[in-house]
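Student: I've got a model open and I'd like to talk through how it is put together. Can we start with the terms and then go piece by piece?

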Amino acid sequence: MRNTGNRRAAKTLTSMQFVLTSGASLIASGPRSQQRDFLSRLSCAQLAALPFLFDFWAMPHQVPPAGDWRTWVILGGRGAGKTRAGAEWVRSIVEGALPQSSGKARRVAIIAETIEQAREVMVFGESGILAVSPPDRRPAWVSGRRLLVWPNGATAQLFSAHDPESLRGPQFDAVWADELAKWRRGGDAWDMLQFGLRLGEHPRACVTTTPRRAAVLRDLLAMDTTVVTHAPTHANRANLAASFLAEIEARYGGTSLGRQEIEGTMLTDFEGALWGLAQLADCQIADVPALTRVVVAIDPPGTSHAGSDACGIVVAGVVMDGPIQDWRAYVLEDATVSAARPTDWAKAAIAAMQRHGADRLVAEVNQGGDMVEAVVRQIDPLVSYRSVHASKGKTARAEPIAALYEQGRVLHVRGLGVLEDQMCQMTTQGFAGKGSPDRVDALVWALHDLMIEPAAKWLNPQIRGL
């Protein structure tokens with residue numbers, strides 16, 4: 001009788017997979033009436049099976065990529081569905097066609113930063129292995145051994161990344177590692193896992209993590225045998241509280257922390273960088289005081305075709321109350337435009353001036369000379385304009401501005417994540433990113449006009465600008 005029931009369950013799952021695969025996109029995008037009609041035609045057994053057909057429900061970033069990979073890294077923001085994807089991947093490799101049938105994997109390692117996190121999130125969590133498993137295929141939990149045992153005999157053992165030595169000896173044909181980027185001993189633990197991942201014809205690992213800056217994650221992403229899927233928090237908004245999404249966006253939207261924790265973007269600090277991500281996170285503000293002066297600075301590109309550099313446009317203001325050491329600058333907007341014609345970036349710069357009531361437009365003219373002013377005055381003949389000429393290299397110009405940040409004298413409004421990423425790629429050896437640091441150049445000219453030059457003239461009239 002039990003085998004008959006198992007065959008019936010397998011047949012139900014197979015028929016459901018056919019029905020859903022053939023019309024899933026039409027049903028999901030159709031009106032509520034169509035969805036209700038579809039559900040009304042399903043049997044009780046099919047309805048019961050529906051929640052466990054992850055191929056139907058999965059979002060693109062939760063589906064394992066095709067190809068001959070060894071490690072699949074799922075990068076995502078908080079709540080993006082990483083844990084569910086990891087748990088379902090374990091199901092897909094452990095379960096067979098029937099509850100007693102063998103799957104692709106027999107011995108799995110489940111590892112998190114601590115045993116408690118592995119147990120509470122990866123096994124017993126709302127999106128953990130037990131929650132996503134069908135009743136007839138749900139593994140038993142053997143607490144004394146920290147072990148999951150499936151009806152088909154497959155096992156999954158829990159480990160802590162705090163204790164890499166515990167991985168010396170066990171061997172596996174699959175690994176699920178959660179939040180790799182936050183493991184304090186990540187490099188040692190990952191190395192021990194690789195030595196143990198040696199069973200079966202094609203041993204593989206799935207890594208679910210928020211993309212924190214960590215050498216172990218950086219090195220893993222650089223390997224040819226690694227594949228990556230990615231999603232921001234909002235990709236899973238259908239399963240998240242609207243109040244949660246509104247709160248995290250209000251608090252962290254547009255910040256470096258938000259780019260990491262909400263957008264799931266991999267941010268890195270470069271060796272010798274003039275600015276660091278933590279430093280820029282600390283200079284975020286929500287409100288800007290009344291400003292003494294506001295300027296818009298532009299760094300025009302040398303060309304205007306599709307592959308040319310962007311035109312850096314940055315708006316900043318200053319409060320000059322009290323002695324020089326009390327002056328504070330505020331970076332208000334990054335209005336940079338890409339692959340634009342000269343008249344386009346000129347219009348964008350003038351529009352930024354109007355939005356912020358700027359007192360002056362500052363433009364670097366190394367690339368365009370008098371042409372830059374001519375283009376700007378085509379848009380606004382009466383604009384208050386000042387040209388600046390770079391006599392030093394980009395790093396030399398940026399270093400005194402970086403010093404202002406170290407002194408806590410420059411603050412940022414939220415929403416400057418792309419500019420901040422570029423700032424973190426400015427090093428003592430030059431720009432470590434691709435192309436030109438157009439946004440940073442514009443920032444440097446704006447803060448030079450607002451802070452460096454006025455201070456220099458106040459201290460010594462003989463000192464001139466850069």
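This is a predicted model: local features need pLDDT of at least 70, side-chain atom pairs count only at pLDDT 80 or more; totals for chains, interfaces and linings use all residues.

Student: At what angle do α13 and α14 pack, and how far apart are their axes?

Tutor: Two packed helices are described by the angle between their axes and the distance between the axes. For α13 and α14 the angle is about 65°, and the axes are 9 Å apart.

Student: Which residues of α14 does α13 meet, and how does the contact split by class?

Tutor: From α13, the residues involved are P342, T343, W345, A346, K347 and I350. Their partners in α14 are V372, V375, V376, Q378 and I379. By class, the contact of α13 with α14 comes to eight nonpolar, two polar and one charged residues.

Student: How many residues does α13 have, and what does it span?

Tutor: Helix α13 covers residues 342-356, which is 15 residues. At 1.5 Å a residue you'd expect 21 Å, and the helix is close to that. From the first C-alpha to the last, α13 reaches 22 Å.

Student: Which residues of α13 are buried, and what do they pack against?

Tutor: The buried ones in α13 are W345, A346, A348, A349, I350, A352 and M353.

Student: Which class does Q378 in α14 get, and how far is its C-alpha from that of A346?

Tutor: Q378 is in helix α14. Its relative accessibility is 57%, which makes Q378 exposed. Along the chain, Q378 and A346 are 32 residues apart, and their C-alpha atoms are separated by 8.6 Å.

Student: Which residue follows α13, and what is its phi?

Tutor: The helix is followed by G357. The phi of G357 is positive, near 60°.

Student: What about R146, what is its phi and where does R146 lie?

Tutor: R146 is not a glycine, yet its phi is positive, about 55°. With a relative accessible area of 42%, R146 is partly exposed. Its place is the loop between β3 (140-142) and β4 (147-149).

Student: And where is E179 found, and what is its phi?

Tutor: E179 is in the loop between β6 (174-178) and α8 (186-196). It is a residue other than glycine with a positive phi, near 50°.

Student: Is T395 buried or exposed, and which backbone oxygen lies 3.3 Å from a polar atom of its side chain?

Tutor: T395 lies in helix α15 (residues 394-406), and at 14% relative accessibility it counts as buried. Leaving aside neighbours within four places in sequence, T395 contacts L274, M426, T427, T428 and G430. The backbone oxygen at 3.3 Å from the side chain's polar atom belongs to T427.

Student: Where is S436, and which residues does S436 touch?

Tutor: S436 is in the loop between β17 (430-431) and α17 (438-459). Its relative accessibility is 17%, so S436 counts as buried. Not counting residues up to four places away in sequence, S436 touches D309, K394, Q422, F431 and D441.

Student: Zooming out, how many helices and strands are there, and what share of the residues counts as buried?

Tutor: The secondary structure comes to 17 helices and 17 strands. Among contacts between residues at least 6 apart in sequence, 70% join residues at least 24 apart. Of the 466 residues, the share that counts as buried is 49%.

Notes: Residues are numbered from 1 along each chain as its sequence is written. Side-chain values use heavy atoms; hydrogens and water are left out. Helices (H or I, at least four residues) and strands (E, at least two) are DSSP runs, numbered from the N terminus. Buried means under 20% relative accessible area, exposed over 50%, partly exposed in between (1.4 Å probe, protein chains only). A polar contact is a pair of N or O atoms within 3.5 Å; within protein, one must be able to donate a hydrogen and the other to accept it, and residues adjacent in sequence count only if both atoms are side-chain atoms. Contact means heavy atoms within 4.5 Å. The expected span of a helix is 1.5 Å times one less than its number of residues. Axes are lines fitted to C-alpha atoms, for helices over the stretch in contact, and angles run from 0 to 180 degrees between N-to-C directions. Ala, Val, Leu, Ile, Met, Phe, Trp, Tyr, Cys and Pro count as nonpolar, Asp, Glu, Lys and Arg as charged, and the others, Gly among them, as polar.
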